[in-house]
Amino acid sequence: MSLVYEIPIPPVIINNEEIAFMTRLGAYNLIEAYEKGELKGRLKEIAAELDEESNPVIMVAKHKK
């Protein structure tokens with residue numbers, strides 16, 4: 001029995017004053033995007049430390065102030 005969801009999880013729209021949405025990003029996808037130079041900021045820093053066996057990352061997108 002697998003306890004890991006294999007299907008893509010759609011973003012959860014929060015849209016309150018602080019948080020816009022949350023989503024789950026697979027380690028493999030982040031590593032691939034990092035190697036292609038498609039990431040920036042904190043997500044790039046996190047992806048640099050991942051390997052293919054790492055747990056998924058939960059991304060919380062906040063509104064700019």
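Predicted model: local features only at pLDDT ≥ 70, side-chain atom pairs only at ≥ 80, totals over all residues.
View 1. A salt bridge here is a side-chain nitrogen of Lys or Arg within 4 Å of a carboxyl oxygen of Asp or Glu. Both residues belong to helix H2 (residues 41–48) and sit three residues apart, about one turn of the helix. Helices (H or I, at least four residues) and strands (E, at least two) are DSSP runs, numbered from the N terminus. Glu45 is partly exposed because its relative accessibility is 45%, and Arg42 is exposed, with 56%. Buried means under 20% relative accessible area, exposed over 50%, and partly exposed in between (1.4 Å probe, protein chains only). Residues are numbered from 1 along each chain as its sequence is written, and side-chain values use heavy atoms, with hydrogens and water left out.

**View 2. The salt bridge between Glu18 and Lys62.** The N to O distance of this pair is 3.3 Å. Glu18 lies in the loop between strand S1 (12–13) and strand S2 (19–25), and Lys62 in strand S3 (residues 57–62), so the pair ties together parts that are 44 residues apart in sequence. Glu18 is partly exposed at 39% relative accessibility, and Lys62 is exposed at 53%.

**View 3. The salt bridge between Glu32 and Lys36.** The closest N and O atoms of Glu32 and Lys36 are 4.0 Å apart. Glu32 counts as partly exposed, at 34% relative accessibility, and Lys36 as exposed, at 56%. The count of salt bridges comes to three.

**View 4. The two sides of helix H1.** Ala27, Leu30, Ile31 and Ala33 of H1 are buried. They cover an arc of only 165° around the axis, which puts them on the same side of H1; the arc is that of the directions from the helix axis to the C-beta atoms. Asn29 and Glu35 are exposed on the other side of H1.

**View 5. A negative surface patch that includes Glu35.** Glu35, Asp51, Glu52 and Glu53 form the patch. Patches are made of residues with over 30% relative accessible area and no salt bridge, like charges being joined within 9 Å and nonpolar side chains (Val, Leu, Ile, Met, Phe, Trp, Tyr) within 5 Å. Glu35 is in helix H1 (residues 27–35) and is exposed, with 65% relative accessibility.

Note on methods:
Areas by Shrake-Rupley, 256 points an atom, 1.4 Å probe, with all protein chains shown as cover. Lys, Arg positive; Asp, Glu negative; His and termini not counted. Charge placed at Lys NZ, Arg CZ, Asp CG, Glu CD.
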